[in-house]
Amino acid sequence: MRTSPRISAQKPSNMPIEKYRPFLQTNPVSLPDRQWPNKTITRAPRWLSTDLRDGNQALIEPMDPHRKREMFDLLVARGFKEIEIGFPAASQTDYDFVRSLIEDDAVPEDVTVSVLTQSRTEIIHRTIESLEGFHRANVHLYNATAPVFRDIVFRNDKAATIDLAVTGTREVIAHAEKILGDDTIFGFQYSPEIFVDTELEFALEVSEAVMDIWQPEEGREIILNLPATVERATPNIYADQIEWMSRNLSRREHIALSVHPHNDRGTGVATAELAMMAGADRVEGCLLGQGERTGNVDLITLGMNLFSQGVDPEIDLSNIDEMRRTVEHCTRMQTPARHPYVGDLVYTSFSGSHQDAIKKGFAAREKKVKAAGGDENAVIWEVPYLPIDPHDIGRDYEAVVRVNSQSGKGGVAYLMQTAHNLDLPRRLQIEFSQAIKRHTDTFGGEIDAATLWTVFADEYLPASFAEGLKPWGKFSLDRAKIIAHDEDNDDVKLSIDIHRSGEAVHVESKGNGPVDAFVSGMNDIGVDVRVLDYAEHAMSQGGDAKAAAYIEAAVEGQIVWGVGIHPSITQATILAVLSAINRAYR
């Protein structure tokens, strides 16, 4: 035997890595006594959906008013209490949509709408005017604070950047006092945009200057939003930044510390969760992660992650497919099949070993639920490869196991049980899975429940229970009738009428029960058959229920399984013996 040699070191790529540098070289964070790694998430954050603003502006074709309204209604129905409804100064369409929510009385009194504005007087005025008549409304003011924007985009120094934020805050307060009456509960949010690339001391300085104008106090909250506008570092660095800000901000008890992660590095969800551990009170994002570039953080995934840990997400995710359908309709964007919690295949296993574990997990759970008096919720969810119960979000179990060339006996057995009410014995599972392997090797692709039944019927049911299949087999049963029964020792005499290769054959035989008598009769006409194992079960409840019988038999020196299905368990068992005989001759 030759052993594998040590794998040589990989050669460097020829990619131009010298043009990039580690994030911490440009924006270091010093937090040697960080506390967030020892924290756990025990409650949901305040959620803000920005599907109608950030999510909408990133679409190839932005939502029309009808789709916007459909999205808004979905968010309200699912329990979102803070919803960013647009950038009303950006276009007449956005402005008109904001006003339509007032005109249609579409906003419940406990829902706060939010609108975005840049720090420019005319834009601030237009934005606040759009809010007249709302019961609860926030204005979200932002300006870019990072060096790359100060130096390249706006050519502002730090003083000018702070002045822009302060001037905008004053203008928001003054115009809101002028336009909005006492009927509107008015709130304020500020974002130092591109926070992750802003020097922490400067982000703190800008935020403090804004708070000096707003004057947060009891009953006068300020939302400070610290966005990962472009995700450029690992999630732990963002968590350090959030904890540093949370520790150093004054008036912290009057601040809702908010985060707005994007997903440029593919770690937006982890970034949000670590930020919550680091002190964030509020998370902004979109359903299914819509948003610029790789998207905003996915609020459904975040909520489901909480749910999977026994934490109430405080939004209704119980019909996840309805949410997906609405989002897809509104955004005209499709959801990948492997999208966490929501994709078509996320609860599906094709692998044989996975399927076997899932099948055993469901069987073990069924026993525990039965012991708990049938209370599903009283039993902790523990099923291999399924982090949550698909039923809890409106999915059924039909797609949990699907069969293809990678599948084994566990998957085949699971589908036969869930789709066709047949609980195959283990050795029969092994035998039938080989028939499925032959089918997939020949035809390829996936086998659905209907095709699985066709293959099963063709293999085990000579009388054919599948549409399009013709009866087969050397022997067919006309009748097997008990003509005498000794109740003292349970011996029976059986009258058997069968056809052998089309020829009618009659035989009478005795045995310890009808099945033993039938086996004796088959031996009498020259068939060497001996029953090795036997199982049976009802396939359903009620007067028209059928029974399934499984026989492992030695027939003419071969070990084969047979299956019988009939309303009478005795007839089903006799048919199972005949199935094994026919399969041996076949």
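Guide: A salt bridge here is a side-chain nitrogen of Lys or Arg within 4 Å of a carboxyl oxygen of Asp or Glu. Keep in mind that the model is predicted. Some of these bridges join up: Arg-46, Glu-82, Glu-221, Arg-282 and Glu-284 are linked in a network of salt bridges. Across the whole structure, a search finds 38 salt bridges.

Now turn to Arg-332. Its side chain forms a salt bridge with Glu-61, with the closest N and O atoms 3.6 Å apart. Arg-332 sits in the loop between helix 12 (320-331) and helix 13 (352-371), while Glu-61 sits in the loop between helix 2 (51-57) and helix 3 (65-77), so the pair ties together parts that are 271 residues apart in sequence. Arg-332 is partly exposed, at 32% relative accessibility. Glu-61 is partly exposed at 45%.

Arg-332 also meets Asp-64 in a salt bridge, at 3.8 Å from N to O. Asp-64 lies in the loop between helix 2 and helix 3, and Arg-332 in the loop between helix 12 and helix 13, so this pair ties together parts 268 residues apart in sequence. At 28% relative accessibility, Asp-64 counts as partly exposed.

Next comes the pair of Asp-94 and Lys-68. Their closest N and O atoms are 2.6 Å apart, in a salt bridge. Asp-94 is in helix 4 (residues 92-103) and Lys-68 is in helix 3, so the pair links distant parts of the chain, 26 residues apart. Are these two residues buried or exposed? Both Asp-94 and Lys-68 are buried.

Note on methods. Residues numbered from 1 in each chain as written. Predicted model: local features only at pLDDT ≥ 70, side-chain atom pairs only at ≥ 80, totals over all residues. Heavy atoms only, no water. Helix = DSSP H or I, 4+ residues; strand = E, 2+ residues; numbered from the N terminus. Buried < 20%, exposed > 50% of the residue type's maximum accessible area, 1.4 Å probe, protein only.
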